Amino acid sequence: MTDTLLPNGIKDSGGERNYFRKGCNPFAQTGRSKLQNKRASLNQQIIKQMRIRAGAENLLKATSNNKVKEMVLLELSYVNSNLQLLMGQLEGLNSSVDVYQNTQDTANIPLIALGLKETKEVDFSTHFKDFILQHYSEDGNSYEEEIADLMDLRQACRTPSRNDAGVELLAKYFSHLPLIESRFFSPTHHTGIFFTWYDSFTGVPVCQQNLSLEKASIFFNMAALYSQIGTRSDRQTITGLEEAIASFQIAAGTLNQLKETYTHTPSYDLSPAMLSMLIRLMLAQAQECLFEKIALPGIRNQFCPLMKMAQEAAKVTEIYDQVHQSMIQMPIKDNVPLFWSTMAQIKTNHYRSMAHFFVASALLDHQLGPNDDEDQQEKTLSQVYDNIPEGRTPLDILKKQDERQCVGKAHIRRAIQGHEEALRIYGLCPSLNSLELLHGILKASHQRSLNKYSENEKEDEFPDYTEAPDIVPKTEHKAEMEVPTTTKVKVADFFQRLGPLSVFSSKQRWTAPRTVRVKPEDRDVGFNLKGDAPVQVVSLDPLCPAAADGLKEGDYIVAVGETDCKWLGVTEVLRLLRDAKDEEIEMQVVTMMDSMSSKLTKKSSFLSWGLKNKLKSASTLSLPTDDHSGSLPWNKPCPTFPSSSSYNNDSALY
């Protein structure tokens, strides 16, 4: 097998099971891998219950016996109850975001990572061997190693490591899929291979024979892996935050490319509506990390920097509000974990409160002094508001002490209300009870706002019911989708021994290889060669021995003697024929059966018919001067023929 490494801590005893591919570790017992194992087990239980339910429903339709109907209805009630319990457990697993976080994070709100789609094992061996024998007329058993490499690669993709090597592993398998599709998946012939993938949210299995589901699911897992890399990043450092930002942006770009490329996938987690929501979620988390990156070095306690941070926080609020609104729409609401929509709602309130806190701090803690830039502060304040409270102007708020205090306290009241709402929502979601860190952050933010309000409250002051205006969201660093650069990597075709993909693919049809014996007469075999890997017979003399033995114009030479010629050009094949010492040379040739190929061959024969008569009377030697055309007989001139593309216009899928 290729591209393998020994796992850490495991001694090599010589067996094939003691290594794994680079980018995966099936032996790792991390929290994330345990979570995936639980998800896989739940998926199996869900599919079992769904099969029982389908059988019971069919029996209910078929029977007319009332007693049987009562028993079936009772069974259906049990099955539906079990399904609801299993779906609830799966939702709980999707809500377990703590296992995806960085273990050193102690002051950051948790982020949401996508779980990997689970799949069942696929055995390519029998089907591919049969197809190689039937379609390519070769012994399928001779390709056991290549098939095993492919199966090992797919198996490794079920447990990718949470780093760039894991992403590259998925990209490697994804790049192999178009090659596999071209080799073995004919549009007119079903291979009998079924690919089963489970919905990452509901656990419902989806099964297809074509590779569209396989490609889309691997693509989804690449996005999921990027999201897991983002949540794992150390957000206490600039480098870690930059890694998280890039990961979430690439995850969004990968999901967007998935949505635009695979538009008819039967799995709901791959539907356009669900993918659109996930794209917004990834961009929202990237924007959140951008805000944390700006705040990490510290926020200057000055009027303009505080106003700037208020608008940055308002931008995070705006995006999370859009995420929450998309999550509560039907049917997404029924498939997304309640934990997710609750987290989006909490963050919407939390960052809105932070924005109001920053504005309040700027107004209450920084009075307009003689050395301050009045015009700059007025411009900044006017940009923060869309609608200023009636009867006030930005300059009035800045210059008048009572107005400044009134508006500042109104903002701090909105901050307190927002934090209280976030804490209330936190208490309503049981899945959040385990996230004590989140509860601590929300309580600390709430207490900070309360302290700010108490610092500026006077005992003899009358209650003020001024409503603080909304803050205009604005950012200098907007999160954008990034086009993934590693979705495809350069790979070597596992089955390149079958021949060039442009000719030897599942779309092409040809006869089984047949032996043609060539007897040179004065080093003249009576035909010319054209093309480049594999070469094609053109300008065949109908009176030569090879034609009498069954050689036809348009035939591809696949072997000369014991040498495979599928990947050899004209020059190499000429050399093999020229170096043959026997009087009789054996060649293996195949004939294309496609209608287009036969038409082109007939056209080529018609164009070269007049040249063949001249070849018989020629006595000069003319050897080929390049690798794309050549003549054999050696004692006859080589005419000019159309390029090799004229004989095969079928292009590879990849």
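The exercises below, each with a worked solution, concern a predicted model of a protein.

**Exercise 1.** Determine where the predictor's confidence is lowest and highest among the elements of the protein.

*Solution.* Begin with the overall picture: the mean pLDDT of the protein is 80, and 80% of its residues reach 70 or more. Turning to the elements, helix α18 (residues 595-617) has the lowest mean pLDDT, 39, while helix α8 (residues 272-295) has the highest, 95. Over residues 595-654 the pLDDT is below 50, although this stretch has 126 contacts in the model beyond near neighbours in sequence. Where pLDDT is low, the predicted coordinates should not be read in detail.

**Exercise 2.** Decide whether E214 is buried or exposed, and list its contacts beyond four places in sequence.

*Solution.* First locate the residue: E214 lies in helix α6, which covers residues 212-232. Its relative accessibility is 0%, and because buried means under 20%, E214 counts as buried. Finally, leaving aside neighbours within four places in sequence, E214 is in contact with R154, Y173, L177, F195 and W197.

**Exercise 3.** Work out how the buried residues of helix α17 are arranged around its axis.

*Solution.* The buried residues of α17 (residues 570-579) are V570, V573, L574 and L577. Seen down the helix axis, these buried residues fall within an arc of 100 degrees, so they line one face of α17. As background, an α-helix has 3.6 residues a turn, so residues three or four places apart point the same way.

**Exercise 4.** Identify how strands β5 and β8 pair with β10.

*Solution.* Strand β5 (residues 514-518) runs antiparallel to β10 (residues 585-590), joined by five bridges, and V518 has I585 as its bridge partner. Strand β8 (residues 556-560) also pairs with β10 in the antiparallel sense, over four bridges; here the partner of V560 is M587.

Notes
Residues are numbered from 1 along each chain as its sequence is written. This is a predicted model: local features need pLDDT of at least 70, side-chain atom pairs count only at pLDDT 80 or more; totals for chains, interfaces and linings use all residues. Side-chain values use heavy atoms; hydrogens and water are left out. Buried means under 20% relative accessible area, exposed over 50%, partly exposed in between (1.4 Å probe, protein chains only). Helices (H or I, at least four residues) and strands (E, at least two) are DSSP runs, numbered from the N terminus. The arc is that of the directions from the helix axis to the C-beta atoms. Contact means heavy atoms within 4.5 Å. pLDDT is the predictor's confidence in each residue, from 0 to 100. Two strands pair if DSSP finds at least two bridges between them.
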